[in-house]
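Please walk through this model from its overall division down to single residues. The paragraphs below take a metal site, a helix and a few individual residues in turn.

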Amino acid sequence: MGLVETPSVEKRINILREEINQHNHLYYVLDSPSVSDDEYDLLMRELIDLETNYPNLIVSHSPTQRVGAQPASHFPSVIHSEPMLSLANAFSRQEMTAWYERVCRSLEVDHVALVCELKIDGLAISINYQQGILSFAATRGNGRQGEDVTGNVKTIRSVPLSLKGVSDVIEVRGEVYIPKTAFNELNEQRVKEGEIPYANTRNIAAGSLRQLDPSVTATRPLNIFVYGIGEVAGLTVPDNQLDMLRWLAVMGFKINEHIQWCNTIEEVELFHQRWEQQKNELEYNIDGIVVKVADLNHQRTLGFVGREPRWAIAYKFPAERVITKLLNIGIGVGRTGSLNPYAILEPITVGGAKISMATLHNIDYIQEKDIRIGDWVLLERSGDVIPKIIKSLEDRRLGSEKKFEMPDSCPECSQPTVRISGEVVVRCPNPMCSGQVIRKLIHFASKGATDIQGLGEKILEKLIEANLVEDVGDLFYLTVDQIEALDGFQQKSSMKLYKEIQSKKDTPLHKILYGLGIMHVGEETAFILSEHFGSMDAIVAASELELNTVPMIGPKISTSIKEFFLDSEAKTVITKLQNAGVTFRYQSQRSGGGKLIFDGDDFAVTGTLSTMTRLEFEDLVRKAGGTISKTVGRKTKYLVLGEDPGSKIIKAQELGVLQISEEEFLAKLSGI
Ligand SMILES: [Zn+2]
């Protein structure tokens, strides 16, 4: 832009950012919005327009930059300036009392004040602010060293990108979680598709935060509660846990409201009992409470042993068990043709959720546990793991219970089923099976793939029924008239869906690849493949051996990919997509001018790298346009130093080759 910004533009931008931040805080942190969505959108629109016209005024903490980060090829590691501890567990009142007495003895006091908080089932995260601006965020990792997930954490709306009135360094620790409703929806989908459901909300939170592409993370409804601090410089921290939490809330962080000051261990017990009863009313999962010594000076005195603090403990809830009746066993057809048995239960409430379905995995699982239709079964929900059938209650059988057999034919298309020897899964071999076709289409249109809004199961059923769609390739050939002819569509709505589908022709390669629904190729694997090969043609052409040499792609995945693309059905789909004008767009990590970061640079390495293997290192260099030499020579530009470097250093000094640490290498790679 050739425009010269005037001070008034900059001023307006700052006012807008402040106003939007304020509304974000009210909406996402305090849950009490003061403007309508439309009013909010107007402010955001104005800011985006100004930043588009004055791109040099864009800063990383602008509210427009939440989902701006480019996909990464790996997560650089971060050393925590203060270790991130994990908590020891107590499961009974006796264990709690023993801990309390130990604490008192160590402090040489008779009693000590405690603060109780809820134990959120999520993923611990550390967020660092420099001069009040979000600098980086990292996972716990092994406690000393975690992974840099800044781009992903920024997509969480309740995480402030900048802090008001804070000019120094502060690192906060919190728990990233996913609300129960979103968890249940995701899992029901997975059970039907024959995928293993996520065991708990923590797994989803972790999986979502470890996406290499922040735009995928942004589609997951993640949230955060901040509960503590790490490194702090230049700020006066209140002297007890409760005041510290309030202090963080004033700074703009989201703090859980259910906190209690306890003067005795009896009060702790009451808090524990109360939340064991009331936990189901919460929107998020908790699996116990966390009890901390209130005084921060006491916390420092007590310190930690190993990776566990002496001044805090998790007081867990016991597992919940209920009995219900197994009404029937249903069969879902997955998109790869797997027939997935699931339990249809007499609806029952366990852990606050009404349960009417549970996975039965496969026929071996059912036979091993001798589960029969009509049985009374014991369901367990431990912590916040999803309920599972522990066993059938044999002594309650009446004789009318029926043993279950996998059907000989597919419940959707009636084709005879097959069971490959050595596999536990029974499959429908018919690629045109309506059960599989609809699952494939739903998957292709889902959020992590092409994200076609308004193309749900019901509409897809109609399209299949009308013989308009047989596979995902057909979607792009649908005309407005064809859509309009479907039951329930008008001219306006059919035009809208048509445009939506057409706009997805430019979906990035890795999302299309994921959307094809290749067995064992999840979002992460699809991304790795797209980064490695750079085009759909190259992936289709790759031999099993080539696939196998890609870091993080094992033989099982390679075989599955190769088999998929050798199939004539897949070839048809790819051709259809190509002819329809689907671009398979590949975004590499190219810098602004279209040049790769290490374009033409030659690298050598010495010593042991700590965050990656040699192969992974070489891969990163090549993908960024560089070359690798086994020895240091005249054309070598950089020598990367690992631990215990060898004689290459001397050669590098002689030739004046630049020596950089592994950290510096990673920083260069991310364009810092
Ligand atoms: Zn079938």
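**A zinc site, a helix and some backbone details**

Cys-413 is partly exposed, with a relative accessible area of 22%, whereas Cys-433 is buried at 0%. Here buried means under 20% relative accessible area, exposed over 50%, and partly exposed in between, with a 1.4 Å probe and protein chains only. The model is predicted, so local features need pLDDT of at least 70 and side-chain atom pairs count only at pLDDT 80 or more, while totals for chains, interfaces and linings use all residues. Residues are numbered from 1 along each chain as its sequence is written, and side-chain values use heavy atoms, with hydrogens and water left out.

Both cysteines belong to a metal site. The zinc ion is coordinated by the SG atoms of Cys-410, Cys-413, Cys-428 and Cys-433, at 2.2 to 2.4 Å. Donors are N, O and S atoms within 2.8 Å of the metal (3.2 Å for Na, K and Ca); water is not among the atoms, so sites may look incomplete. The four donor atoms subtend angles of 99 to 114 degrees around the zinc ion, which makes the arrangement tetrahedral. That label requires four donors with all angles between 85 and 135 degrees. The ideal angle for four tetrahedral donors is 109.5 degrees. Along the sequence, the donor residues follow the spacing C-x2-C-x14-C-x4-C. Cys-413 sits in the loop between strand S18 (388-392) and strand S19 (418-419), and Cys-433 in the loop between strand S20 (426-427) and helix H12 (434-444), so this pair ties together parts that are 20 residues apart in sequence. Helices (H or I, at least four residues) and strands (E, at least two) are DSSP runs, numbered from the N terminus.

On the scale of the whole protein, the division is into domain 1 (7-65), domain 2 (88-316), domain 3 (323-345 + 352-419), domain 4 (434-504), domain 5 (509-580) and domain 6 (602-669). These bounds come from an automatic or database domain assignment. The centres of domain 2 and domain 3, taken over C-alpha atoms, are separated by 36 Å.

Helix H15 (residues 491-503) has 13 residues and spans 18 Å from its first C-alpha to its last, close to the 18 Å expected at 1.5 Å a residue. The expected span is 1.5 Å times one less than the number of residues. Which residues of H15 are buried? They are Ser-494, Leu-497, Glu-500 and Ile-501. These cover an arc of only 125 degrees around the axis, which puts them on the same side of H15; the arc is that of the directions from the helix axis to the C-beta atoms. On the other side of H15, Gln-491, Lys-492, Lys-496 and Lys-499 are exposed.

The buried residues of H15 pack against helix H13 (457-465) and helix H14 (480-484). Ser-494, with a relative accessible area of 0%, is in contact (heavy atoms within 4.5 Å) with Val-480, Ile-483, Glu-484 and Phe-489, leaving aside neighbours within four places in sequence. The C-alpha atoms of Ser-494 and Asp-481 are separated by 7.8 Å, the two residues being 13 residues apart along the chain.

Two loop residues remain. Most residues other than glycine have a negative phi. His-520 has a positive phi near 70 degrees and lies in the loop between helix H16 (509-515) and helix H17 (523-533), where His-520 is partly exposed at 38%. Phe-584 has a positive phi of about 50 degrees, in the loop between helix H21 (568-580) and strand S21 (602-606); Phe-584 is buried at 9%.

Terms used: Tetrahedral: all angles 85-135°; square planar, octahedral: opposite > 155°, others 65-115°.
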